[in-house]
Amino acid sequence: MSAAPLLQVEDLKTHFALGTARPFGSGRRVLKAVDGVSFSIRAGEVLSLVGESGCGKSTVGRTLTRLETASGGTARLDGREILSLSQSAFRPLRREIQMIFQDPFASLNPRLTIEQTLAEPLRIHGLAKNRTEARALIAETLQLVGLDPQVMERFPHEFSGGQRQRIGIARVMILKPRLVIADEAVSALDVSIQAQVLNLIKDLQRDSGVSMLFISHDLGVVRHVSDRVAVMYLGRIVEIGSRADIFERPSHPYTRLLLSSIPRIVPGRKRVEDLGEPANAASPPSGCAFHPRCKFATDICRSAQPLAQPLGNEHFSACHHIAELQKDHA
Amino acid sequence: MKLKTWLKSAVMAGALLTISGSAMADGMLRYATVGEPPSLDQQVITSDLATTIAHHMFEGLYTFNSSNAPVPLLAAGDETSADGKTITITLRQGVSFHNGDPMTSADVLASLKRWGEFGSRGALLFDNVDSVEATGDHEITIKLKEPFGPWKNLMAFINGGPAIYPASVLEGAGKEPIAPENYIGTGPYKFASWEPNRYVELVRFDGYSSPEGEPDGYGGKRVAEFDTLRFIPVSDVGTRVAGVRAGDYDYAESIPGDLFADLDADASVKTIVNGSPLFGLVFLNSQEGPLKENFALRRAIQMAIDKVPALQVSIGPDQLWSANGSFMPKGNVWYTEAGAEAFSKGDAEAAKAMAKEAGYDGEPIKFMVSTNYPFHYDSAIVYTKQLAQAGFNIDLQVYDWATLIDKRGKADQWDMFFTHHGFVPDPILISVMNDSYPGWWATPEKAELKAKFTASSDPAEREKIWAEIQALIYEQVPTMKTGDVYTYNIASPALKGLADATLIWPSFWNVSK
Amino acid sequence: MATIGLIWLCLVLFAAVAAPLIVPFDPLDIDPVNRLAEPGWPHLFGTDHYGRDTFSRSLYGARMTMFIGVGSVVFALATGGLIGMLSAYFIRLGNFLMRGIDVLMAFPALLLALVLMTLLERSVTNTIIVIGIVYATTTARILFGMTLKLKREVFIDAAICSGAGHSSILFRHILPNLISPLLVQASFIFAFAQLQAAALDFLGLGLPPEVPSWGNMLSESRIYVTRAPWLLIFPGLLIILSVFSMNMVGDAMRDSMDPRFKDDIAGV
Amino acid sequence: MLAYTFKRLLALVPTLLAASVLVFLFVHLIPGDPAAILLGDSATPEDVARLSREMGLDRPIYVQYFIWLGNALQGDFGTSVFFRTPVMEVIAGGAETSILLALLTMVWIILLGIPIGVLSATRHGTWVDQLASGGAMLFASVPTFWLGLYLILIFAVWLGWFPSSGFPSIHDEGGLLNLRYLLLPSMTLAAPNAALIIRLVRASMLDVQREDHVRTARAKGLHPARVAIKHVFRNALISVAAAFGFTFAALISEAVVTETVFSLPGVGRLVVQSILRRDYPVIQGVILVIVCLYMVINLIVDLAYAWLDPRVSLK
Amino acid sequence: MALLEVKDLAIAVAVGGQLVPVVHGVSFTVEAGKTLGIVGESGCGKSLTSLAIMGLLEGSQVRITSGSILFDGQDMLTLPAERRRAIMGADMAMIFQEPMTSLNPVYRVGEQIAESILQHRKVSKAQARERAIELLRLVRIPDPEGRVDSFPHQLSGGMRQRVMIAMALACDPKLLIADEPTTALDVTVQARILDLLKELQDETGMAIMLISHDLGVIAETCDDVAVMYWGKIIETAPADELFSTMAHPYTRGLMASIPVSDREVERLEAIPSRVPMLGEKLDGCAFHPRCGRARPICSDIDPVAIAVSPSHFARCHFPGEDQA
């Protein structure tokens, strides 16, 4: 694998102000949705970001596409810093970073035909000289995602969820981006349809060699599509590593809890003990945010935030008790 | 269960509210007025509404009897010197103000002086007055520069006239109306309260000293039968009518002519026609614009108008209007037909020809009218049509009264405007006689006749001069009279002692329920 | 119900357009001889105190109804809609503009209209503007809210990701989605504008009195409630029917666009 | 709660200030000179100019504004040009009528609007519902003054059940019985507003009926009436409460007309009359008081909202 | 006798005055103390069926057109409303998918639990409150004395679902219908709720009817499973038997579509085409347009349930064929 990553994210922070400012108050309460996240994606690689709702995984994607404003940190696409660009300076770069959204019912403008929806990015980025050329490109892309080009005259409400998600993917692929951020791209779909779309995404990724940040809460889906996996908990990455490392040698108590919680068809699952429910992101626990639910937790976990510890082969885990956990594997 | 009890008590409360209707307040007269008076200070305020209320508490030295002749009220009598320049008025004794102080010549002197300086109509008399002095506790002497005929009429006309106030109230009083707490007069009712927007209330003055003699017009004996007179503003005319019919008011003023037939036939109300008509006036701008000094053009306009349809439309039944060209009503001493043949020709062809001769080239003539008085507006609509038929380009501008009054003071904003004029006992009081009244009619011909008119105190001669003035008005057309309008009021049939016709303002002494 | 409303409104529209062709009398023609004539032939709805034909005036009144309705709707939607939409989209500008709207909205509608009307003098245009301003404020509020919601829609995010600029997002993505709520809003403004205009006419601060509008007809004949009842009944019923119809049509439009009714099958 | 109320009150200041400038400007741009009106028809322009000067109406408008504002902050809205009494007194005189009228109207609205709305929603789609919502729509389409005229004609003139117009204070002779003067006006005023509340109660109950928690309540085996009142209506009340703010504004607007029709000595008619008289201080005072009142009502509605909906936090 | 026996239940939706059938003759039984899982994709009619059993379709545009629902020997469909309500919330209780919206936001959770108790048991308010606290403790809510006075919005999703369960258990039901009880929850929370349900079942001996789209959830919790597709039950079997030998091609396709976290597959075997909508018209076997092994007969004739084993039925003309 090449050394220079396509996307290099360092210490990314996205904070939101909660409520309105008080006239004489002591300042705003802040929700630290993303609080110091670092990772990189190489060309042609699929990195999954996994975690439960409210862990900030979607915010990472939205920040990288500049739908949210970063509060700190850097993100370099091909070495070029993108978070500090103005919106207008960033606009040409949007072609490079595209996003697939979760909800296939909401992500298409109900008032535009499929052709209008797909022609818009072409027009903006000047990728088609005229309508004929645009229509040819659109037809080609629709075929690529498994739709009949005839459908371009129709409106979104005439399609099923799976078809709409294909249209959403077509809108992304038509720009031939270098990085695709897929935010829960299949979680709103029925199981049988989800498989179709997952297969499509996987095929397109492999054929075009596009890099991908795949954001999902579904570990099954994640295991199916990713090269590497990052696990997030309350705004931070707690473990990152190759697919095999994460699923076969999970080295963070939270990763283990996640994996053991998935209901399995094959009987004989052994649950990891869970001591509580997820904390509120607006008021995270001190120290290691996971400590109230962790059976390994000691005083240091309550006071100090653990740093990412290298476990070899680009596998990192942010846990104070990494040694004890490692013992378990043996 | 709870709901039931609730409902029951609600129904009972409702029934109670309904039954205990208008059984109360027999000692109170409830008078529905068209609105709220601006102030009750009679010396400076000329609003008829104000006088309707105020003449129950303020009195002048003289007042009018039923034939509109001045008779003494607070005065006991008067003497005029042979040269007509010195008038000595003796005051009635034993008259006291509402505050208990006796009325003396000091009070009268102060009142006359303030009126002379600041009163609305004071200047008409005081321009001719050399001096006024108290020549005894109950005697006043007025020295005139020249003999002045209308003096007693002016003194008797309480609207904007010399109401007698205590001297103490008048200390420092200027043009500005005096405040309600200073409403102290000598009349049969005294001021009780003014609840803005709600009512003005007068109560019987127990220390009242009435003039003697049979009641005749406003003269003669006055007896306050009611404990309270309450004047309630009810601006919506439909509500006023409904209110009298429903028994909520005893008296309501200013009722539209169209309802006359119905109301006259209705046993639950009594109609009272006003004895003295008011009349509409269309003023023409003598200071600026196309009509300035172009008397021929003005006569053309006058020629185009037929007043009768306007009266029919705006007033209704025949008995409530009269197409009378004289500025004073038929039967009045001042009645004259001089010039009045031009009153209501309505000849469009002739008017067209006259206008052409006068050099009229179709430039717009701005005609201002207000909707606050429906009869102004209705008449103006008819005139506008008639004038258009005669080829005049009339730009009808409709404003509310406040705006119109504001605009008419600015000579460049208008050419004609519609207003009306109440009955006055002496032609000198008619607004067009005032040089500074908007329209600003002040030709040398007028000045000459006016001077002669005021200098004479011989009634016959004054009538003759007035006829000349009226003819001049029809010739120079500073204003056009639109006809006499006999307004009428309605009353509850329960009111006793009410005259069949109102002299000028309704009065409620000698009236009971 | 809504169909009947629609038919009635079409009739009103027809009367408004064709009034000059179908009226039996000139609505301004004064005829003192025939004043206050009862309904019958040739005066179907009787005559008023000028002797003007009430039926002809009613037909011309339909014209005014349409003028006032359409005029104030267009004014309110154009100004209020734009302010609301831009305010929500450019939220900084919005905080400022919406403050202004708040101030205007602190005045009860009719009071605001009264004061403005006194200020501007009575005329058809001014009546339209004044009523338009009154409803522009509510329209701005509503559109502000709707645009804020639309702004959070995923397809807007998608458009941003495609690189769409402000004008494209505003007019290509947001505005088309506001059309149907705007239509519903328009129908209610239309209805309320009629009542508001009639109230202004009644207070003597609406259309110039010579204009044959239903409100003016009511206002100038209110004293004839017993003397000539037809003068109040006909224009009154015309107003009620028209406002009622417009409300019905608006209701039907709102129901048909409301997504919760579409969700019924899937939603149980 | 107190802190929140205080904060909200403080936030009203800029809006009020802006409103006061607007009021002042509007009022002063109105053509017509109060001095001229005061002096009546036969006054000459010279008289008018003199009085104008005495009243300070010839000073620059911003000077007049600051003088007025300074006094207003001390609770002094100046003196009525027309009545020559303090504006506050004039307004206070009208306040009793208007407040009683508003209260009585609210009673009607609540007594009629809420039960009929609830009935209409629970009988959704039946003839009861169609009658109620159709009737409500009809009443919302009737011009207030038209309704008022006919109510006077029928109930005061023909039947003689209620007084036709006017309102003697309840401190006057007759006491509380004088409230009967307000029955017809309050019914007139209530008609369109009750109609709106009926429609609103109905619509929000239908909305709440679709919510999941109503299904939960039904799954408990509760009687449908109990579900309708305790779960559906109670929750619908939240959005209905918000509407009472708007209803109040509508009430003020329509009170102007109703008070005129019934010749009630209230604040609404005072506005119209003062505009016609060009009584600037009163117009300014009344409008500003109404704007303040409206804002306070909105604040109360917000507080009620928070009280009704525990999800709304005042902190 | 089974606790719940549903026979030939057919449901239709009124659309513009016409009844569109959406559930086509569904039959199954729930034994006392056992768990039946109903699994299917969106629009298969599983939720409608559960609402019909609970009696919650009343007043909507949905009608039960035929069939019977025997609960404890009584036909819920012919029972007078009064008596049916006496069963609802007492002997038969239900929890729903959306814990966020299924609780009334304006009442404290204690009041809402107590309401159920007061409805069915003659107890005082204070006693009902005591019982509510007890129930909160039963569903493992920490600090039940404090939580009883919380408003729903002050609780997390998992906590709210626990409150829902407590409410359902208020009158010791014989049957608990759980409609997608964990779908809206995070996976760690889901695991805890499922564990709780199992423990409660062990403690109280109630029967559970669990509706879910997640085969994993069904496999972990249920004794028996019914698979629904387009308003029909297409396969029923005891859980272990179903997951070892799937007879219907749809069930098999569903299984193969799921990416699982415990092994890696290069490519998922997706079922082609789209999920049919409820009320759509389909002839023959409803699954034939998507079935890889459809033959002419499949598009003409709707198959009946065929016994694969004594307790295992599948509605397929060729059940069990191509079994891997």
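**View 1. Gly145(C), a partly exposed glycine in a helix of chain C****.** In this predicted model, how exposed is Gly145(C)? Its relative accessibility is 30%, and because buried means under 20% and exposed means over 50%, Gly145(C) counts as partly exposed. To find this glycine, look along helix α5 of chain C, which covers residues 124–151. Then look for Leu200(C), which is 55 residues away from Gly145(C) along the chain. The C-alpha atoms of these two residues are separated by 30 Å.

**View 2. Chain D, built with 12 helices and zero strands****.** The C-alpha trace of chain D spans about 85 × 55 × 35 Å along its principal axes. How do the parts of this chain come together in contacts? Take the contacts in chain D between residues at least 6 apart in sequence: 73% of them join residues at least 24 apart.

**View 3. The inside and the surface of chain D****.** Chain D has 315 residues, and 61% of them are buried.

**View 4. Where chain D meets chain B****.** Here 57 residues of chain D are in contact with 48 residues of chain B. The area buried between these two chains is about 4,400 Å², and carbon and sulfur atoms give 53% of it.

**View 5. A salt bridge between Glu36(B) and Arg277(D)****.** How many salt bridges are there between chain D and chain B? The count is one. To see this bridge, find the side chains of Glu36(B) and Arg277(D), which meet with a nitrogen-to-oxygen distance of 3.5 Å.

**View 6. Chain B and two chains that it does not contact****.** Which distances separate chain B from chain A and from chain E? No contact joins chain A and chain B, and their closest C-alpha atoms lie 42 Å apart. Chain B and chain E have no contact either, with 22 Å between their closest C-alpha atoms.

Methods:
Residues numbered from 1 in each chain as written. Chains lettered and ligands numbered in written order. Predicted model: local features only at pLDDT ≥ 70, side-chain atom pairs only at ≥ 80, totals over all residues. Heavy atoms only, no water. Helix = DSSP H or I, 4+ residues; strand = E, 2+ residues; numbered from the N terminus. Buried < 20%, exposed > 50% of the residue type's maximum accessible area, 1.4 Å probe, protein only. Contact = heavy atoms within 4.5 Å. Areas by Shrake-Rupley, 256 points an atom, 1.4 Å probe, with all protein chains shown as cover. Buried area = accessible area lost by both parts, 1.4 Å probe. Salt bridge = Lys/Arg side-chain N within 4 Å of Asp/Glu carboxyl O.
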